[in-house]
Amino acid sequence: MLQRISLHLGRTPAQPEGSSRDGYEITAPLDAEGRLVAQEWQVSRDKCRVRRFRPGEPDRHGWLLHRAGGEGGANWGIDYDDASSEDDEFGYKLDRHRFQLGEYVSIREQDGDFLPYRVVTIRPVGASPAADAS
């Protein structure tokens, strides 16, 4: 089932308290344990969107990627421009991580640094924001 996942920046040296103004909204298929499901992504990839938001910058919109290879046999990432792979961002072991409230995932940004993001909401696509999963 497609879920809308909201991530906020966790604690970093530059942001010791983290930031709710810096993060991602990801639409992705998750199983009952909160793991990304490649087979469901394959069927609904056109609906698997990402919005990157950061203070002082315009929002960036892209697609959730799944690529074979890499550690663990697959990489999950974000593609902002179909014509170039230079702007892609990739998660750290997202094929194994669970998206659950309060848990953290790491995303490697274009500058090559991994940053921690905390899962703050998960809700089925089409559900109102008041129906956030726990």
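# Exercises on salt bridges, burial and a cavity

Arg 51 and Glu 25 are joined through their side chains by a salt bridge, with N and O 3.1 Å apart. Arg 51 belongs to strand 3 (residues 49–53) and Glu 25 to strand 2 (residues 19–29), so the pair ties together parts that are 26 residues apart in sequence. A salt bridge here is a side-chain nitrogen of Lys or Arg within 4 Å of a carboxyl oxygen of Asp or Glu.

The model is predicted: local features need pLDDT of at least 70 and side-chain atom pairs pLDDT 80 or more, whereas totals for chains, interfaces and linings use all residues. Residues are numbered from 1 along each chain as its sequence is written, and side-chain values use heavy atoms, with hydrogens and water left out.

**Exercise 1.** State how many helices and strands the chain has, and give their order.

*Solution.* Step 2: read from the N terminus, the order is β-β-α-β-β-β-β-β-β.

**Exercise 2.** Determine whether Arg 51 and Glu 25 are buried, partly exposed or exposed.

*Solution.* Step 1: the classes are set by relative accessible area (1.4 Å probe, protein chains only), with buried under 20%, exposed over 50% and partly exposed in between. Step 2: Arg 51 has a value of 22%, so Arg 51 is partly exposed. Step 3: Glu 25 has 28%, and therefore Glu 25 is partly exposed as well. Step 4: for the chain as a whole, 39% of the 134 residues count as buried.

**Exercise 3.** Find the salt-bridge partner of Arg 67, and describe where the two residues lie.

*Solution.* Step 1: Arg 67 is located in strand 4 (residues 60–68). Step 2: the partner in the salt bridge is Asp 88, with the closest N and O atoms 3.0 Å apart. Step 3: Asp 88 sits in the loop between strand 5 and strand 6, so this pair ties together parts 21 residues apart in sequence. Step 4: the accessibility of Arg 67 is 34%, which means that Arg 67 is partly exposed. Step 5: Asp 88 is buried because its relative accessibility is 8%. Step 6: the two side chains also count as joined by a polar contact of 3.0 Å (a pair of N or O atoms within 3.5 Å; within protein, one must be able to donate a hydrogen and the other to accept it, and residues adjacent in sequence count only if both atoms are side-chain atoms).

**Exercise 4.** Give the count of salt bridges, and name the residues linked in a network.

*Solution.* Step 1: the count comes to seven salt bridges. Step 2: one of them joins Glu 33 and Arg 35 at 2.5 Å, N to O. Step 3: Asp 22, Arg 52, Arg 54 and Glu 57 are linked in a network of salt bridges.

**Exercise 5.** Describe the largest cavity by its volume, its lining and the classes of the lining residues.

*Solution.* Step 1: a cavity is a set of points, on a 1 Å grid over the protein atoms alone, where a 1.4 Å probe fits but cannot get out, and lining residues have an atom within 4 Å of a point. Step 2: there is one cavity of 30 Å³ or more. Step 3: the largest cavity holds about 60 Å³, a volume being the space filled by probe spheres set on grid points that are joined across faces, edges and corners. Step 4: the lining residues include Ile 26, Trp 76, Glu 89, Phe 90 and Ile 107. Step 5: strand 5 (74–79) and strand 6 (89–91) are the elements that give two or more residues to this lining. Step 6: nine of the lining residues are nonpolar, two polar and one charged (nonpolar: Ala, Val, Leu, Ile, Met, Phe, Trp, Tyr, Cys and Pro; charged: Asp, Glu, Lys and Arg; polar: the others, Gly among them).

**Exercise 6.** Characterise the surroundings of Glu 89.

*Solution.* Step 1: Glu 89 lies in strand 6. Step 2: Glu 89 is buried and has no salt bridge, the nearest side chain of opposite charge being that of Arg 60, 4.5 Å away (Lys and Arg count as positive, Asp and Glu as negative; His and the chain ends are not counted). Step 3: the side chain of Glu 89 does make a polar contact of 3.0 Å with the side chain of Tyr 80.

**Exercise 7.** Locate Cys 48 and give its C-alpha distance to Trp 63.

*Solution.* Step 1: Cys 48 is in the loop between helix 1 (38–44) and strand 3. Step 2: Cys 48 counts as buried because its relative accessibility is 0%. Step 3: Cys 48 and Trp 63 are 15 residues apart in sequence, and their C-alpha atoms are 6.0 Å apart.

How values were computed
1 Å grid on protein atoms, 1.4 Å probe; cavity = no way out; pocket = protein on both sides within 12 Å on 5 of 7 lines; lining within 4 Å. Helix = DSSP H or I, 4+ residues; strand = E, 2+ residues; numbered from the N terminus.
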